Amino acid sequence: MSEDLLRAMRQSVIDGAPDTAADLAARWLALSLDALDAIHHGFLEGITFAGEQFGCGQMFLPDLLASAEAMKSAVKVLEPEMLKRGSQREVRGKVVLGTARGDIHDIGKNLVGTILTMSGFAVFDLGTSATPEQFVARATDVKADIVGVSALLTTTMAGQKAVVEAFDRHGLRPGIRVIVGGAAVSKKWAEEIHADGFARSAMDALELVKSLMAAKAGAS
Ligand code: B1M
């Protein structure tokens, strides 16, 4: 049963069918199954496939947009369930998140935010195409522990470097750590721009944030 649902979820994203995707997400929750499993083993596979098709010219931008809408409508249904898990805990740290300047991709960044929130972190989301100045201003304002910059395009990775440089320029590191992630990004890139960490997935981002918070607690 759950395998059938996962297959249908994948297909709903490929088909760009937001209503079907939302309906499948609701059916999954009605069965008391784990919301994250629906994302990782269902919807995420659909958007990954759509991206591959787009990359090799088999799918066009309007179709990709429809796939992204389907993915988002499913996450919208699943998100409250994921967030419930974190609602009772005390705040474990403050994280400012955003997508790099010039980049409008936000599905992965939002997933990172949801997973951090459900794990007890306070997340301040700058949204997409955030400038280094916006990261600095919000991080200073909320007294952030960590800043996370997502980038999906090879052209917007430079925006991550600009954020690292802005925090150095303002003398805010190492008090505030800057981490990077996103499909375009690698550990090598993170090292090259002297970021404080890199995470490949939202779950890895949670582990990275936890370890940076532990290191900070150990140092103080
Ligand atoms: Co675009 N896009 N897109 N796109 N898109 C990619 C990234 C691309 C690889 C597709 C391809 O060609 N195969 C390609 C980039 C090529 C490159 O730069 N080398 C591409 C392109 C070219 C473009 C446009 C330029 C297309 C055009 O206009 N001609 C345009 C860019 C617009 C802009 O940003 N200025 C564009 C637009 C779009 C849509 C609007 C249609 C839509 C985005 C909708 C939205 O986000 N609201 C879209 C989508 C959906 C994709 C793909 C198919 C899927 C991205 C996604 O949401 N994945 C993508 C192909 C791909 O990545 N397979 C593609 C699911 C998501 C959960 O994964 O975001 O990787 P991801 O996040 C993961 C991890 O990376 C990590 O955790 C997440 C969960 O595990 N992670 C972090 C993410 N951020 C993190 C931050 C962290 C730590 C971990 O710490 C801070």
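This is a predicted model: local features need pLDDT of at least 70, side-chain atom pairs count only at pLDDT 80 or more; totals for chains, interfaces and linings use all residues.
I started at the ligand: one of its nitrogen atoms is 3.0 Å from a polar backbone atom of glycine 102. I count a polar contact as a pair of N or O atoms within 3.5 Å.

Numbering runs from 1 along each chain as its sequence is written, and side-chain values use heavy atoms, with hydrogens and water left out.

**Ligand, continued.** A polar side-chain atom of aspartate 103 lies 3.5 Å from an oxygen atom of the ligand. For isoleucine 107, a polar backbone atom is 3.5 Å from a ligand oxygen.

Which protein atom is the donor to the cobalt atom of the ligand? I found only NE2 of His105, at 2.3 Å. Donors here are N, O and S atoms within 2.8 Å of the metal (3.2 Å for Na, K and Ca); water is not among the atoms, so sites may look incomplete. Histidine 105 is in the loop between strand E1 (94–99) and helix H5 (107–118). Helices (H or I, at least four residues) and strands (E, at least two) are DSSP runs, numbered from the N terminus.

**Shell.** I get 35 residues around the ligand, with Ile104, His105, Asp106, Ser150 and Thr154 the closest. The cut-off for being near is a heavy atom within 4 Å. At least two shell residues each come from helix H3 (35–55), helix H4 (61–84), H5, E3, strand E4 (177–181) and helix H9 (202–219).

**Serine 150.** I placed this residue in strand E3 (residues 146–150). Buried or exposed, for serine 150? It counts as buried because its relative accessibility is 10%; buried means under 20% relative accessible area, exposed over 50%, partly exposed in between (1.4 Å probe, protein chains only). Beyond its neighbours within four places in sequence, serine 150 is in contact (heavy atoms within 4.5 Å) with residues including Gly98, Lys109 and Gln160.

Most residues other than glycine have a negative phi, and most peptide bonds are trans. I noted that the bond from arginine 173 to proline 174 is cis, with omega near 5°. Proline 174 sits in the loop between helix H7 (157–169) and E4.

Lysine 143, not a glycine, has a positive phi of about 55°. I find lysine 143 in the loop between helix H6 (132–142) and E3, and it is exposed at 64% relative accessibility. Histidine 194 also has a positive phi, near 60°. That histidine lies in the loop between helix H8 (187–192) and strand E5 (197–199).

How values were computed
A polar contact is a pair of N or O atoms within 3.5 Å; within protein, one must be able to donate a hydrogen and the other to accept it, and residues adjacent in sequence count only if both atoms are side-chain atoms.
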